[in-house]
Amino acid sequence: MNNTKTALITGATSGIGQATARIFARHGIQLIICGRRQERLDALSKELSELTTVTSLKFDVRDKYEVFKAIGSLSTSFQHIDILINNAGNAHGLDFIQDGSLEDWDAMMDINVKGLLYVSKAIIPQMTKRQSGHIVNIGSSAGKEVYPKGNVYCASKHAVIAITDGMRIDLNPFGIKVTAINPGLVETEFSEVRFKGDPKAKQVYKGYKALQAIDIAEIIHFAITRPAHVAIADLLVFPTAQANSITVKKN
Ligand code: NDP
Ligand code: 8X3
């Protein structure tokens, strides 16, 4: 019997998803890495293929047709997906509700919420059929509380936590594990995306030691390697300098 697990990771071209792909590869997990930036998918596939079997899928999680087409195109050896890491997502903008842009709101709800649903919908039926699987959704501390100007990003991450709780209930009869990992401040490309390349993105991580992508990747790997009877439901992780979304001890 082949004991090799297969994981599909969305948002594997950067930050938390990329670090998770690397740690999974080191542990021999077969990988389906996903994202929109083909050159990054190619570079990561090349790097990780020294350690495990890798394939990549280029799709925008906002496009439900692309999502189903891409996942449906997997070759036989990648079709049995044991672990789904729903990680793709970002904040777009940081504005008072009265100033927010419709495009930013659409991006956050379409990617962080609907994109996660589309990818899940494409994969859950095989898990229910086999009566096994593990879904890890990357939420956020922003899904636990709301901070000034966080409005729609916080709403999208509150939705991720609600969907995670709903999945855990509905998939309970099938023995499928469902986990939410909710990080605080992690130093990735997240703030560059949020601030659209503005240099103020760098300030977000100045004056304290932020979480690094590898810190979250290690926790994800811990969550997916617990014994069969142990399921981590929901986990909140901050850098030591952070107490909540607005309380950060800086030098
Ligand atoms: P990065 O910006 O470094 O990575 C985001 C990833 O999401 C990229 O790989 C990107 O790939 C992918 N992505 C974004 N939009 C789309 C899309 N429309 N379709 C497909 N893929 C997409 O950020 P992080 O690693 O920090 O973020 C990962 C997750 O962690 C997100 O859900 C974020 O909300 C969450 N998070 C981040 C925190 C932080 O402080 N950094 C804290 C709490 C949660 P590509 O552009 O190639 O498509
Ligand atoms: C990312 C953390 O505080 O920028 O989800 O919302 S925060």
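Reader: What counts as a polar contact here?

Author: The model is a predicted one. In it, a polar contact is a pair of N or O atoms, and the cut-off for that pair is within 3.5 Å.

Reader: How far is an oxygen atom of ligand 1 from an N or O atom in the side chain of Arg-37?

Author: A polar contact requires N or O atoms within 3.5 Å. The pair formed by an oxygen atom of ligand 1 and an N or O atom in the Arg-37 side chain is separated by 3.0 Å.

Reader: Which residue has a polar side-chain atom 2.6 Å from an oxygen atom of ligand 1?

Author: Asn-90 also places a polar side-chain atom by an oxygen atom of ligand 1, at 3.0 Å. The residue at 2.6 Å is Thr-188.

Reader: What share of the accessible area of ligand 1 does the protein cover?

Author: On its own, ligand 1 has 870 Å² of accessible area.

Reader: Which elements give two or more residues to the shell around ligand 1?

Author: The shell is made up of 31 residues, with Thr-13, Ser-14, Arg-36, Tyr-153 and Thr-188 the closest. The elements that supply two or more of the shell residues are helix H1 (15–26), helix H5 (151–170) and helix H6 (190–194).

Reader: How many charged residues does the shell around ligand 1 have?

Author: Sorted by class, this shell has 13 nonpolar and 12 polar residues. The charged residues number six.

Reader: Which residue has a polar side-chain atom 2.5 Å from an oxygen atom of ligand 2?

Author: The residues around ligand 2 are Ser-140, Ala-142, Tyr-147, Tyr-153, Gly-184, Phe-190 and Arg-194. Tyr-153 has a side-chain N or O atom 2.6 Å from an oxygen atom of the ligand, and for a polar side-chain atom of Arg-194 the distance is 3.5 Å. The residue at 2.5 Å is Ser-140.

Reader: How much of the area that ligand 2 exposes when taken alone does the protein bury?

Author: Taken alone, ligand 2 exposes 250 Å². Of that area, the protein buries 89%.

Reader: How many residues of the shell around ligand 2 are nonpolar?

Author: The shell around ligand 2 includes two polar residues and one charged residue. The nonpolar residues number four.

Reader: Is Cys-34 buried or exposed?

Author: A residue is buried when its relative accessible area is under 20%. Cys-34 has 2% relative accessibility, so Cys-34 is buried.

Reader: What is the relative accessibility of Cys-154, and how many disulfides does the structure hold?

Author: Cys-154 counts as buried because its relative accessibility is 0%. The number of disulfides in the structure is zero.

Terms used
Residues numbered from 1 in each chain as written. Chains lettered and ligands numbered in written order. Predicted model: local features only at pLDDT ≥ 70, side-chain atom pairs only at ≥ 80, totals over all residues. Heavy atoms only, no water. Near = heavy atom within 4 Å. Polar contact = N/O pair within 3.5 Å; in protein donor to acceptor, adjacent residues only side chain to side chain. Areas by Shrake-Rupley, 256 points an atom, 1.4 Å probe, with all protein chains shown as cover. Nonpolar A, V, L, I, M, F, W, Y, C, P; charged D, E, K, R; others polar. Disulfide = S-S within 2.5 Å. Buried < 20%, exposed > 50% of the residue type's maximum accessible area, 1.4 Å probe, protein only. Helix = DSSP H or I, 4+ residues; strand = E, 2+ residues; numbered from the N terminus.
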